[in-house]
Number of protein chains: 2
Amino acid sequence: LSFEVKDRAAAGRIGRLETRHGTVTTPTLLPVINPNLPTVPPADMKRLFGAEMVITNSYILRKSDALRERALREGVHKTIGWDGPVMTDSGTFQSYFYKKPIEVSPLEIVEFQKKIGVDVGTILDVFTTPEKTREEAVAELDETMRRAKEAVAAKNGMMLAATVQGGVHVDVREQAARAIGALDVDVVPIGGVVPLMEQARYADLARVILASKRHLPSGKPVHLFGAGHPLVFPLAAALGCDLFDSASYAKFAKDGRMILPNGTRSLDEVEELGCICPECDRWKNAAELRRAAPAERESALARHNLHVSFGEIRRIRQAIRDGALWELVEERAAQNPALLDALVALRGENEVTWLERLEPTSGARAFQYRGAHSMHRPGIRRLHNRLVERWRPRSKTCIVLPERPKPYAEGYAAYLDAFMRTGHDFVVDTPMGPIPLELERLYPVAQSVFPETLDADARLVREAYSARFFHHFDGCDVLPADLAEYEALAPELCSLTPDAFEQRRMASLADYQYGPGAAAGLLAGQVTFKRSPGTGGVRNVFADGVHVASLRARDGLLSLRIEGARRLVAALPSPRARIRLDDEPASFVRDGKNVMAKFVVAADSQLRPGDDAAVVDSKDAVVGVGRCQLSGWEMPQFQRGIGAKNTEHAKDD
Amino acid sequence: LSFEVKDRAAAGRIGRLETRHGTVTTPTLLPVINPNLPTVPPADMKRLFGAEMVITNSYILRKSDALRERALREGVHKTIGWDGPVMTDSGTFQSYFYKKPIEVSPLEIVEFQKKIGVDVGTILDVFTTPEKTREEAVAELDETMRRAKEAVAAKNGMMLAATVQGGVHVDVREQAARAIGALDVDVVPIGGVVPLMEQARYADLARVILASKRHLPSGKPVHLFGAGHPLVFPLAAALGCDLFDSASYAKFAKDGRMILPNGTRSLDEVEELGCICPECDRWKNAAELRRAAPAERESALARHNLHVSFGEIRRIRQAIRDGALWELVEERAAQNPALLDALVALRGENEVTWLERLEPTSGARAFQYRGAHSMHRPGIRRLHNRLVERWRPRSKTCIVLPERPKPYAEGYAAYLDAFMRTGHDFVVDTPMGPIPLELERLYPVAQSVFPETLDADARLVREAYSARFFHHFDGCDVLPADLAEYEALAPELCSLTPDAFEQRRMASLADYQYGPGAAAGLLAGQVTFKRSPGTGGVRNVFADGVHVASLRARDGLLSLRIEGARRLVAALPSPRARIRLDDEPASFVRDGKNVMAKFVVAADSQLRPGDDAAVVDSKDAVVGVGRCQLSGWEMPQFQRGIGAKNTEHAKDD
């Protein structure tokens, strides 16, 4: 398999798909090339829009004598005039669209794709429409699976795409995903979704994607078949779709319609082009473009549609790198009511649980509130759950601060000092709900931007969590802070936070990150700190003089040192806090190499991208510290790429 | 005065501002031209971005010997190389920025602007910062007003901009707006807002704009001084700002920053340019642009920033034409938490009341739900208020239908027939709340797109209205509809709705549009219909055989015929349903001319853009029917442009 993941956000990823004709960065869009009459010349696809891979139709190529002969003689690449990677569809969509079986057998079309040298060929699956009953969907899936197995046996060197069908029946989709995922296929399209997109049934689309993704191996690239409107790209990418394909750019252009990130408009309806793409810039106003010759107008609109579509693809990739993909999804949802319903469909317990299992530990940019949906993001769910499940109070009195204190402000240190001397627990009332004072620098609490007034739905989420959190203090006193007392505290103590407070912070962080017992192991003995000369903030954490961890400025979390990893391994039962390798790959890590995902035998299922883990060999000996690029549970599902980056290794230890 | 309004949405408008150097379509952006060193050549401002007017600084021109000499000799246009309209600032911002008075008297700088031939000169007002107390703001306002009066006396042929100050004190802003509005000035800037924008205090910005606009004459163009980031354009335009000015494009470019519709990003932070503007298209990736020579990078970023800024201006103008400006504002608010707070600030009773007074009757596109804020739009407020205040039940029993029946579907007509035969009231439960069955085709009820799940805040608005609406049925029966009964009704009755139902619809519409008593007047006698041969839907309404009104397909409202206007005038006390003119301009209308706003003596304060009104002379004789382009109350505040379009006139009657 030739797919690896380089970066993560939400359940989306930046991937690299390797083919014989070059490597493709995902998520990406495969423009559909009509072999009979391309609206935009394939060469322009690369030059003007940065397309890296295209898709064309093997069924159409095969049907025409001239095209078939040429494709068989010269190969598909020369036939369509594209020297990069080529995927082909198989006629499935035609059989759906024209409502009759196509005149070629499933095996013949696979063989034909092989013969013309496509990079990724597609099986001839059965397009199960949303109207099909569960029984019909199951029967059609049986036939799709029969064809998939037959195609896998025949694929030889060709990369093969085998499609997940199942209609709108979540359990049938799940069954299909498990069955397809078990086969030796290279790309997994999610099929049968065009009618859902045409009818703007985005909630159903989200359910179908999620049901499929949840049961597919993480390491396979997923293609959302027929998704050509940028409206669905951010949501689909956030749910883990890697490839899209678009004939929409050409179809809409033919109808005189403009694709926009938030919808589609007829050129006839608009007076001023709000779009700033090079094509719209060239025409300046809609009237002039309307007056153009039909062929010229059509190709101008097609180019506009491609600019907008590829712009959204680049925006998605940048949002993944920024750790801000949910923000983009929610922005787009605020532009289309049916996308709002799709976000509601993601709020279910099963859905959020799966999304949390992929959500990175922190993002490069701040957590930005975009509306009520933001409070349902998996990162907040994790924060809330961990504070309820992993944090423990030390006292019988909880003092609630009405807002986050400014760090290093006058009186702050004195306040923390008082906090330690009183022995009480202090909790800060944040927009995300009550957070223990010592954890409020943690991502996403401190690294967030909220409005002053939250939406009512967001307040409900906060209140539900708040009720769960304060169970920690059942039968105890929960008191509002006396701010006058805070103000009066001696300002001369400022700038350095007391060691006792930092010890409490580190203990709470260790348990927050690695679960109960982690603090006791990692921080056993006398805990001391090395501080930043400038700010006085803690940088390094020592236990009995040994450097066990550092505090990451970016997200307020602990990064592990190898001695800390050893302490965690000693204190916690396997596989907690660990990535386990066989001894040979472990020896590479000991020498400083990264942890390749395919060598991972087992890993703590709680590890998330961005977490540090102890890398151990078969005897549970620590050979290094790895910073996870993937979630622990999905590492064994990858056959390529890095599972965790080596941040410290035993050899130099 | 040389400003007229051509189209409306929210409290925003498309305007035409006439100057000696050409006419400008508003809302628009005036790029700031630095006379010493323009980052982008002024000629490019027109050619590349479509700028129609620029702003430069008269204080800077005057300070340099060379520039001053040249400007006095050749005029400001030649000096900066721009032959279109030029506005100049006066040094106010410099006195704020450098925190010291500038070395020129307020009168001198006005005289200088006149001498160099600027199109719109600006007074040297006192920049009142947000930190100033109310007393300080009042004292500074006194000085600004003194200077404004002095400048007005000296303006001669030059158009003059006199700035509303007052800091963040709403009542001082209101006082300032009344005082400036009473002077003979041509443009009204809202000043002192740069610190609010720099600190993202958009709720305060919205309050300041609203306080100013509420007390300024509608007919004056309003300039939001220093607003150069597109982030604030949609909100400010929706509150009635017509002009913006931007030095931001150049300042941000100098700092290596990219303006985006939803914020600002450092070029250093990004890997892929998500932007599709011609400049970003040229560079394709951020690394390449970073490697460019500093001067080249700066000017590329400046051009990018201008593409994005002018793109947003065009988008706003198109949104006004579409009647979809609130949608755009809410989309942008979903991209920035501080803008969400600004929308919350607009929910107050005073705020919505003022906004409703400008909100057009209907929009060209559907009402699109964008989140909880959508339910607070003034159009919904009007719908709710009118249904509570103007609609009356006919019975003691209210049957609540769970959803909107599909018109002309099987059984629909039978249902309506049953409705009339029972004598009950039927009410439809819509996302906007309960709507009487006969009014549910009304804009924005039928012309709306909602998600299936409303936000909790939106549900609260709906429930509060619902409680008020059902007061109509206090002491009566409110029952859910028996849908089985509906289904069983004879389908053969379908397609034509019964006359009795249409009579009820017309009566409810008349009262909804013109208030109590309107139906009794307009529809006295035997009411009959002319129907569409195709759909069977009502087109024309006759009372005793006279064509009194038609049903507008676009928004489901009545348009008046002149006989209907006469009946309304006979039935309703003046000035209800009327626009009154003096006899001479009334005679023009009688001949078919439009109603020019400046001739309007009085008009029904309830008339909104899109409403039909009776145009009457001094003796209350109807001379025509006018379709309002402006709200009735604001017509007398305009000195140019059309107040209402003539749709029928007495001469041909």
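Predicted model: local features only at pLDDT ≥ 70, side-chain atom pairs only at ≥ 80, totals over all residues.
**Exercise 1. The interface**

Determine how many residues of chain A and of chain B are in contact, and what area is buried between the two chains.

Solution. Begin with the residue count: 50 residues of chain A are in contact with 51 residues of chain B. Next comes the area, for which the general background is that the size of an interface is often given as the accessible area lost when the parts come together. Between chain A and chain B the buried area is about 4,100 Å², and carbon and sulfur atoms give 44% of it. Then turn to the polar side of the interface, where 30 residue pairs, both at pLDDT 80 or more, are in polar contact between chain A and chain B. The elements that give two or more residues to the side of chain A that touches chain B include α1 (42-49), β13 (263-266) and α21 (456-469) of chain A, while α15(A) gives the most, with nine residues. Sorted by class, this side of chain A has 18 nonpolar, 11 polar and 21 charged residues.

**Exercise 2. A salt bridge**

Explain why the pair Glu272(A) and Arg317(B) joins two chains.

Solution. First apply the distance rule: a salt bridge requires a side-chain nitrogen of Lys or Arg within 4 Å of a carboxyl oxygen of Asp or Glu. The side chains of Glu272(A) and Arg317(B) meet in a salt bridge, at 2.6 Å from N to O. Now locate the partners: Glu272(A) lies in the loop between β13 and α13 of chain A, and Arg317(B) lies in helix α15 (residues 294-322) of chain B, so the pair joins two chains.

**Exercise 3. A sheet in chain B**

Give the strand order of the open sheet formed by three strands of chain B, and state which are its edge strands.

Solution. The order is β1-β2-β3 in chain B, with antiparallel pairing. The edge strands are β1 (3-9) and β3 (22-26) of chain B, each of which pairs on one side only. Neighbouring strands of this sheet are turned by 15° against each other on average, direction ignored. For the detail of one pairing, strand β2 (residues 12-19) of chain B is joined to β3(B) by five bridges, and Gly15(B) stands opposite Thr26(B) in β3(B).

**Exercise 4. A sheet in chain A and its helices**

Solution. Three bridges join β22 (residues 546-551) of chain A to β23(A), where Leu551(A) stands opposite Leu558(A).

**Exercise 5. Backbone details**

Identify where the cis peptide bond that joins Thr26(A) and Pro27(A) is placed, and what its omega is.

Solution. Omega of this bond is about -5°, and Pro27(A) is found in the loop between β3 (22-26) and β4 (28-33) of chain A.

Note on methods:
Residues numbered from 1 in each chain as written. Chains lettered and ligands numbered in written order. Heavy atoms only, no water. Contact = heavy atoms within 4.5 Å. Buried area = accessible area lost by both parts, 1.4 Å probe. Polar contact = N/O pair within 3.5 Å; in protein donor to acceptor, adjacent residues only side chain to side chain. Helix = DSSP H or I, 4+ residues; strand = E, 2+ residues; numbered from the N terminus. Nonpolar A, V, L, I, M, F, W, Y, C, P; charged D, E, K, R; others polar. Pairing = 2+ DSSP bridges. Axes fitted to C-alpha atoms, helices over the stretch in contact; angles between N-to-C directions.
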